[in-house]
Amino acid sequence: PKHIETLRQAVAKGRECFSTFASHLHTMIGATEEELYRVTKDIFSQHGAQELSFDPIVALNANAAKPHARPSDEKCHKGDLLLVDAGIKYQGYCSDRTRVIEVGSGADFTLTQHFSNPEHQKVYDIVLKAHDEAIRLARPGMKGKEVDAIARGFIKEAGYEKFFVHSLGHGVGLEIHELPLISQKSEMVLQEGMVFTIEPGIYLPQAFGVRIEDMVVMCHDGVEVL
């Protein structure tokens, strides 16, 4: 369907913005979160030429432990953990993606990340596995709560259940938050053609937080990452 293709293009354009931001990051050591946020906004809006699907979240270290962090005047240093949640609108349709990276690592915002802090790495790997498992096992006909339980169960097994404080995902389309809801209580049956996010997270107060988010579309035999 046409709207799925448009969403796919929105996601692709959003992904390009992430890469552009990653290539700027090494020049911004010592910048504040507020400055990183402004640069993110500028890149994602193509300097004002395109609309954002929501106000980006750009959070360092302990601020990343707040799921809806606002930018502060904390400065970024090499080795810091940086979480970026951002998206654009393309032909009216929204994109939504979250990535975590180590400042100064020179990496792009891909799923494979290497952190010099072992605790960052440990938590990142757990969240990534929860994200991957939910994507691997989701099927049409499952309820939202069953998909949520896949990722939540993995995080629980790792001992971090109480630090995963929100739903696994939400629908995305013309609005940034739509149905279906992928939550612990959602009885909504997931059907072919539905587009939603998979975004597990672990938030350790006063320390750091990790969230990894991708948009997926439900196909006849499972989900495809857009």
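Glutamate 133 is buried, because its relative accessible area is 15%, where buried means under 20% relative accessible area, exposed over 50% and partly exposed in between, with a 1.4 Å probe and protein chains only. This residue is found in helix H3; helices (H or I, at least four residues) and strands (E, at least two) are DSSP runs, numbered from the N terminus. The structure is a predicted model, in which local features need pLDDT of at least 70 and side-chain atom pairs count only at pLDDT 80 or more, while totals for chains, interfaces and linings use all residues. Residues are numbered from 1 along each chain as its sequence is written, and side-chain values use heavy atoms, with hydrogens and water left out.

**Overall form**

- The chain contains four helices and 12 strands.
- A compact globule of 226 residues would have a radius of gyration near 17 Å, and the chain agrees because its own value is 17 Å. The radius is taken over C-alpha atoms, and the globule rule is 2.2 Å times the number of residues to the power 0.38.
- Along the principal axes, the C-alpha atoms fill a box of roughly 50 × 45 × 25 Å.
- Of the 226 residues in the chain, 54% are buried.
- Contact means heavy atoms within 4.5 Å. Among contacts between residues at least 6 apart in sequence, 63% join residues at least 24 apart.

**Surface and charge**

- The chain exposes about 10000 Å², and carbon and sulfur atoms supply 53% of this area. Accessible areas come from the Shrake-Rupley method with a 1.4 Å probe; for residues, only the protein chains shown count as cover.
- The chain has 24 positive and 32 negative charges, and their mean positions are 2 Å apart. Lys and Arg count as positive and Asp and Glu as negative, whereas His and the chain ends are not counted. Each charge is placed at NZ of Lys, CZ of Arg, CG of Asp or CD of Glu.

- Glutamate 133 lies 17 residues from isoleucine 150 in sequence, and their C-alpha atoms are 6.9 Å apart in space.
- Valine 147 belongs to helix H4, which covers residues 144–157. Valine 147 counts as buried because its relative accessibility is 0%.
- Not counting residues up to four places away in sequence, valine 147 touches Ala134, Ala138, Met142, Leu168, Ile182, Leu190 and Ile198.
- Between valine 147 and serine 183, the C-alpha separation is 8.1 Å, although 36 residues separate them along the chain.

**Aromatic residues**

- The structure holds five aromatic pairs. Rings of Phe, Tyr and Trp (its six-membered ring) pair if their centres lie within 6.5 Å; planes under 30 degrees apart count as stacked, over 60 as edge-to-face and the rest as tilted.
- One of these pairs joins phenylalanine 21 and phenylalanine 109, which are stacked at 6.0 Å centre to centre with 10° between the planes. This pair links distant parts of the chain, 88 residues apart: phenylalanine 21 is in helix H1 (residues 2–25), and phenylalanine 109 is in the loop between strand S5 (97–102) and helix H3 (118–137). Both phenylalanine 21 and phenylalanine 109 are buried.
- Phenylalanine 115 and tyrosine 124 form a tilted pair, with 5.1 Å centre to centre and 50° between the planes. Phenylalanine 115 and tyrosine 124 are both buried.
- Phe18, Phe21, Phe44 and Phe109 make up one aromatic cluster.

**Backbone features**

- Most residues other than glycine have a negative phi, and most peptide bonds are trans.
- The peptide bond between leucine 179 and proline 180 is cis, with omega about 5°. Proline 180 is placed in strand S7 (residues 178–182).
- Asparagine 61, although not a glycine, has a positive phi of about 45°. Asparagine 61 sits in the loop between strand S1 (57–60) and strand S2 (81–86), and counts as buried because its relative accessibility is 15%.
- Glutamine 91 is another residue other than glycine with a positive phi, near 50°. Glutamine 91 occupies the loop between strand S3 (89–90) and strand S4 (93–94).

- Isoleucine 29 lies in the loop between H1 and helix H2 (33–44). Isoleucine 29 counts as partly exposed because its relative accessibility is 40%.
- Leaving aside neighbours within four places in sequence, isoleucine 29 is in contact with Cys76, His77, Lys78, Val103 and Gly104.
- The C-alpha atoms of isoleucine 29 and lysine 75 are separated by 7.9 Å, with the two residues 46 apart along the chain.
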